[in-house]
Amino acid sequence: MPLRYGFLSTYPPTQCGLATFTAALLDELNSPVPGACSGVVRLLDATDRAGATAGPAGPAAPLARPPGRSGPTGQPVLVGDLVAGTPGGPRAAAQLLNGFDVVVVQHEYGVYGGPDGDEVLAVLEALDVPVIVVLHTVLVEPTPHQRQVLESVVASADAVVVMTETARVRLVEGFQVHPRRVVVIPHGAADNRRAPAGHSGGPTILTWGLIGPGKGIEWGIAAMADLADLDPAPHYVIAGQTHPKVLAREGEAYREGLVTQIRDLGLTDSVSFDDRYLDPVSLAELVRRADVVLLPYDSVDQVTSGVLIEAVAALRPIVATRFPHAVELLGDGSGLLVPHRDPAAIAAAVRRITTDKAVSAGLASAAAVQAPDLLWPAVAGRYRQLAAGLVARTGSRPSTVPVPAPAPVPAPMPVAR
């Protein structure tokens with residue numbers, strides 16, 4: 001019998017990286033077995049709850065379906081909501097999740113109620129089934145309370161998944177964490193390795209994702225001014241909506257500042273916005289058309305980037321600032337690394353890729369070596385292996401028995417086209 005996975009996470013239609021990650025992983029875990037039993041307890045804040053259209057009124061409300069029963073399309077169903085700050089909500093959420101064989105808890109500080117999201121601890125305390133915690137952020141300099149929360153989260157888990165070796169080292173060396181519980185499984189990606197369709201005009205430079213301060217898009221725009229001499233001229237596409245939390249806090253101030261910068265630099269014909277929230281098919285088409293994917297992020301701390309993984313898996317040439325995940329993933333030659341906040345360096349890297357076919361081909365070849373292990377089928381296979389080991393293990397929870405790192409699951413090699 002296939003295992004039944006219960007997820008505690010944000011979930012579509014919520015627009016955030018955790019929601020997208022959970023939807024993709026759950027879909028892949030369900031896909032090999034029609035009618036596989038999995039479900040989600042969805043994280044909401046008060047404003048999210050007001051606009052929610054699916055799922056019960058809260059984790060304590062009667063369920064529309066028994067826990068773990070898939071909907072008529074075989075897609076995972078929402079079995080309940082955990083609304084931040086709801087009295088009794090964490091325990092009720094745990095009761096729902098205890099109906100599954102394994103619980104997968106997505107962790108970011110900002111998605112749970114309480115100071116630094118410490119409401120998650122009440123959920124973890126009430127769980128009776130094996131727990132996998134997936135850490136999307138590992139801070140270099142946490143506050144004392146952030147440290148206490150993360151160490152308590154990890155202590156409550158049977159296994160802890162981080163997505164990069166950098167995050168593993170940072171977690172083990174910087175926190176009170178048993179290293180044998182920590183497993184590295186990469187962020188997954190859709191299979192967009194098909195050859196891109198040809199397009200007329202100059203090369204397309206693409207940055208995508210939810211937009212807000214820290215994305216470094218202003219440095220990419222400034223770099224375009226240094227590329228104006230190229231013929232044909234490149235076009236910079238900035239795709240994505242403003243992050244909902246940024247929108248609630250600051251409105252469109254960041255995007256409006258970028259528009260002003262574009263106008264002041266005379267780049268209105270060279271830079272454009274696509275402010276839609278793209279479905280997977282539309283996003284795949286956009287990514288495949290990109291001649292360069294640009295990640296000009298300001299962060300010097302980011303250990304996980306789903307956009308970076310998607311770009312490598314799609315075999316797109318990449319220019320990225322030296323944030324930790326980029327340094328780790330692109331170090332084998334599958335992308336060009338540039339200093340932070342350096343438009344001249346960004347322009348030089350983009351120029352190399354768009355004017356030298358050998359450079360572009362070399363980057364794509366290096367990415368092709370990594371891509372199979374980054375695709376969702378391979379990643380989900382490693383989660384299955386990890387979960388099966390936890391369920392098969394006997395003894396008290398959490399156990400101090402080492403968690404074996406799941407081996408990569410072979411994935412189909414790219415087909416030459």
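The largest nonpolar core has 43 residues. A nonpolar core here is a set of buried Ala, Val, Leu, Ile, Met, Phe, Trp, Tyr and Cys residues joined through side-chain atoms within 4.5 Å. Buried means under 20% relative accessible area, exposed means over 50%, and partly exposed lies in between, with a 1.4 Å probe and protein chains only. The residues with the most contacts inside this core are Leu8, Val41, Val105, Leu124, Val133, Leu135 and Leu171. Contact means heavy atoms within 4.5 Å. Val105 touches Leu8, Tyr112, Val120, Leu124, Val131, Ile132, Val133 and Val134, leaving out residues up to four places away in sequence. Another core lies apart from the largest one; it has 31 residues, among them Ala239, Leu286, Ala290 and Val307. In soluble globular proteins, nonpolar side chains tend to be buried together.

This is a predicted model: local features need pLDDT of at least 70, side-chain atom pairs count only at pLDDT 80 or more, and totals for chains, interfaces and linings use all residues. Residues are numbered from 1 along each chain as its sequence is written, and side-chain values use heavy atoms, with hydrogens and water left out.

**Overall figures**

The protein has 417 residues, and 52% of them are buried. Its secondary structure comes to 15 helices and 13 strands. These are DSSP runs numbered from the N terminus: helices are H or I with at least four residues, strands are E with at least two. Among contacts between residues at least 6 apart in sequence, 75% join residues at least 24 apart. The accessible surface is about 17500 Å², with 56% belonging to carbon and sulfur atoms. Areas come from the Shrake-Rupley method with a 1.4 Å probe; for residues, only the protein chains shown count as cover.

**The six-stranded sheet**

An open sheet of 6 strands runs in the order β10-β9-β8-β11-β12-β13, with parallel pairing. Two strands pair if DSSP finds at least two bridges between them. β10 (271–274) and β13 (336–338) are the edge strands; each has a single partner strand, so one side of each lacks a neighbour in the sheet. The twist averages 25° from one strand to the next. Axes are lines fitted to C-alpha atoms, for helices over the stretch in contact, and angles run from 0 to 180 degrees between N-to-C directions.

Two helices pack on this sheet. Helix α7 (residues 217–225) touches β8 (204–208), β9 (235–239), β10 and β11 (292–295), and its direction makes about 165° with that of β9. Helix α13 (residues 343–355) touches β8, β11, β12 and β13, and its direction makes about 165° with that of β13.

Now β8. 5 of the 5 residues of β8 are buried, so the strand is largely enclosed by the rest of the structure. Thr204, Leu206 and Trp208 cover one side, Ile205 and Thr207 the other. β8 pairs with β9 in the parallel sense over 5 bridges. Trp208 stands opposite Ala239 in β9.

Helix α10 (residues 280–289) has Ala284, Leu286, Val287 and Arg288 as its buried residues. They pack against β8 and β9. At the start of α10, a side-chain oxygen of Asp279 reaches to within 3.0 Å of the backbone nitrogen of Val281.

Leu337 in β13 is the bridge partner of Ala320. Thr321 is in β12. Thr321 is buried, at 1% relative accessible area. Its side chain reaches the backbone oxygen of Tyr297 at 2.8 Å. A polar contact is a pair of N or O atoms within 3.5 Å; within protein, one must be able to donate a hydrogen and the other to accept it, and residues adjacent in sequence count only if both atoms are side-chain atoms. Beyond four places in sequence, Thr321 is in contact with Leu295, Pro296, Tyr297, Ala326, Leu337, Val338, Pro339 and His340.

Most residues other than glycine have a negative phi, and most peptide bonds are trans. The table lists exceptions.

| Site | Feature | Loop |
|---|---|---|
| Pro12 to Pro13 | cis, omega near 15° | Pro13: between β1 (5–9) and α1 (17–30) |
| Asp231 and Pro232 | cis, omega about 0° | Pro232: between α7 and β9 |
| Asp116 | positive phi, about 55° | between β4 (102–107) and α4 (120–125) |
| Leu315 | positive phi, about 65° | between α11 (306–313) and β12 |

Asp116 is partly exposed, at 25% relative accessible area. Leu315 counts as buried, at 13%.
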